[in-house]
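Please consult the sequence and the model alongside the text.

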Amino acid sequence: MSEHIDKSVDSRGVVVVGAGPTGLLLAGDLAESGVPVTLLERRPPGLSNLSRALVVHATTLEAFDARGIAAPLIERGAPVQSLRLFDTAVVDVSDLPTPYPYLLVVPQYETEAVLYERLERLGVRIRYGTEVVGLRQDADGVTVTARDASGTREERAAYVVGTDGSRSAVRSLLGVEFPGHTVVASVMLVDARLSQPPQARIATNTDGDKFAFVAPFKDGYHRIICWDQKHAKAETEPVELSEVREILRETLGTDFGMGEPRWSSRFHSDERQAEHYRVGRVFLAGDAAHTHSPAGGQGMNTGLLDAANLSWKLVAVLRGRADDALLDTYESERYPVGSAVIRGSGLLLRAAEIKMTPARKARNLAMHFALARPAVNRRIGYALSGLWISYPAPHGAHPLTGHRAGDVALDGTPSRLLEALRGGGFVLLAPADLHEAATKAGVRAPGVRTAVPADGGPVRLVRPDGYIAWAADAPTAEDVAKAIAAATDRRRPER
């Protein structure tokens with residue numbers, strides 16, 4: 001193979017390494033905002049990611065809605081409003097305050113397909129079969145050395161984002177540590193038809209060593225996740241149906257008449273978090289930044305929300321509306337979320353691994369009665385769905401600052417906040433007589449939309465990722481103008 005160097009320089013652009021869900025969403029956001037983006041993927045064309053992720057939660061669906069791509073994903077999935085945990089304990093998410101009060105069970109490749117279709121509409125092409133082998137940065141940008149079938153070339157960009165999975169080449173080249181440990185050595189994934197599917201649409205149970213989870217896809221197949229800690233096998237070993245059937249019978253009482261699988265895989269599950277999400281002009285997101293057990297189905301969702309948080313900040317800096325310090329808030333906001341997800345999934349896993357029969361019975365009984373209380377059920381639903389996530393607010397800020405805005409009903413067109421957020425930019429929710437303040441601030445705050453909330457409430461300035469940047473109960477027009485300027489123009493004053 002001959003080697004050639006092709007130096008293409010675009011100091012305004014971003015190189016995204018890894019075309020999984022996180023990278024696809026991030027690249028789409030950048031492209032939609034007019035930022036030049038190069039998307040590199042080590043896999044050859046036509047080779048899909050393993051279909052490990054299968055649940056898209058409410059907060060992620062809201063993020064998709066704000067990009068106009070929730071509906072096509074929902075069409076490909078199966079909404080499930082409750083799941084059974086530990087024998088008879090049931091988590092019900094049907095009354096959560098969101099347009100999407102359910103878990104959407106959908107294979108990861110379908111989620112990727114929706115995100116890829118968006119990229120195609122935006123004219124972004126993925127460079128498959130391209131491995132990143134070098135990375136160096138300076139005060140003005142980053143140079144990525146990439147190798148493909150034709151040789152070696154260099155890509156120059158303002159910023160690089162590694163979304164290239166738990167074995168991230170970007171993270172390795174940065175020298176960022178990824179401390180943690182393996183928590184489950186041999187997780188089996190199977191997609192198969194069941195002749196006698198469970199009554200609970202999502203069912204899960206454990207006897208301590210063995211664990212099983214069953215959920216339906218829209219096409220009639222079911223996803224089965226299971227393991228047996230006493231008989232863990234190497235990841236290279238094929239999944240035997242007899243193993244899966246035995247685990248199902250011993251944990252859920254039946255193998256549900258499981259037929260031959262259309263797909264199966266075996267992998268290990270780690271709990272790890274990168275020491276930093278940012279090193280200079282290079283960022284880590286998704287599994288490159290954090291991994292954890294499959295308990296709670298949080299992995300892909302957390303990565304997608306990483307991308308939603310980072311993308312608008314990169315756009316603001318590259319368009320000259322913010323200085324580089326805004327990008328530090330990506331790590332300060334998302335690192336604690338990653339830590340909390342690792343803790344939460346870890347607690348679920350530890351609960352599932354209780355081995356003594358009396359302790360398991362006590363756990364099951366405690367969970368049954370706890371989840372029978374609406375307040376506890378709602379709290380667990382918030383944890384699963386991502387609705388709990390909020391970001392730090394300045395001292396003395398309104399209590400809503402930093403919290404998710406939700407899908408607010410609006411007077412006029414568009415009729416919902418998530419529709420108003422499409423295309424990026426901030427949205428001011430305020431009475432009509434205060435919108436003049438946004439107009440006055442328009443020169444310094446291009447792209448700020450204004451909308452009148454149908455239910456009144458505090459005046460809110462909503463960030464492009466759907467979180468509240470500023471709020472006040474009865475502000476003056478001058479207050480609103482100052483808030484818009486402060487939130488949307490993050491440049492340091494010249495001295």
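The structure is a predicted model, in which local features need pLDDT of at least 70 and side-chain atom pairs count only at pLDDT 80 or more, whereas totals for chains, interfaces and linings use all residues. Residues are numbered from 1 along each chain as its sequence is written, and side-chain values use heavy atoms, with hydrogens and water left out.

**Salt bridges**

Across the whole structure, 33 salt bridges are found; the term denotes a side-chain nitrogen of Lys or Arg within 4 Å of a carboxyl oxygen of Asp or Glu. Three of these pairs are tabulated here.

| Pair | Closest N and O atoms |
|---|---|
| R67 and D29 | 2.8 Å |
| R223 and D191 | 2.5 Å |

R67 forms its salt bridge with D29. This pair links distant parts of the chain, 38 residues apart: D29 belongs to helix α1 (residues 21-32), and R67 to the loop between α2 (58-65) and α3 (70-76). Helices (H or I, at least four residues) and strands (E, at least two) are DSSP runs, numbered from the N terminus. Both R67 and D29 are buried, where buried means under 20% relative accessible area, exposed over 50%, and partly exposed in between (1.4 Å probe, protein chains only).

R223 pairs with D191 in a salt bridge. Because R223 lies in strand β15 (residues 221-228) and D191 in strand β12 (residues 180-193), the pair ties together parts that are 32 residues apart in sequence. R223 is buried at 0% relative accessibility, and D191 is buried at 2%.

Salt bridges that share partners join D65, D407, R416, E419 and R422 into one network.

**Contact of α1 with α7**

The axes of α1 and helix α7 (residues 299-318) come within 8 Å and cross at roughly 25°; axes are lines fitted to C-alpha atoms, for helices over the stretch in contact, and angles run from 0 to 180 degrees between N-to-C directions. The two helices are therefore roughly parallel, a term for angles under 35 degrees.

In α1, the residues P21, T22, L25, L26, D29 and L30 meet M300, G303, L304, A307, A308, S311, L314 and V315 of α7, contact meaning heavy atoms within 4.5 Å.

Terms used. Angles under 35 degrees count as roughly parallel, over 145 as roughly antiparallel, 65 to 115 as roughly perpendicular and the rest as oblique.
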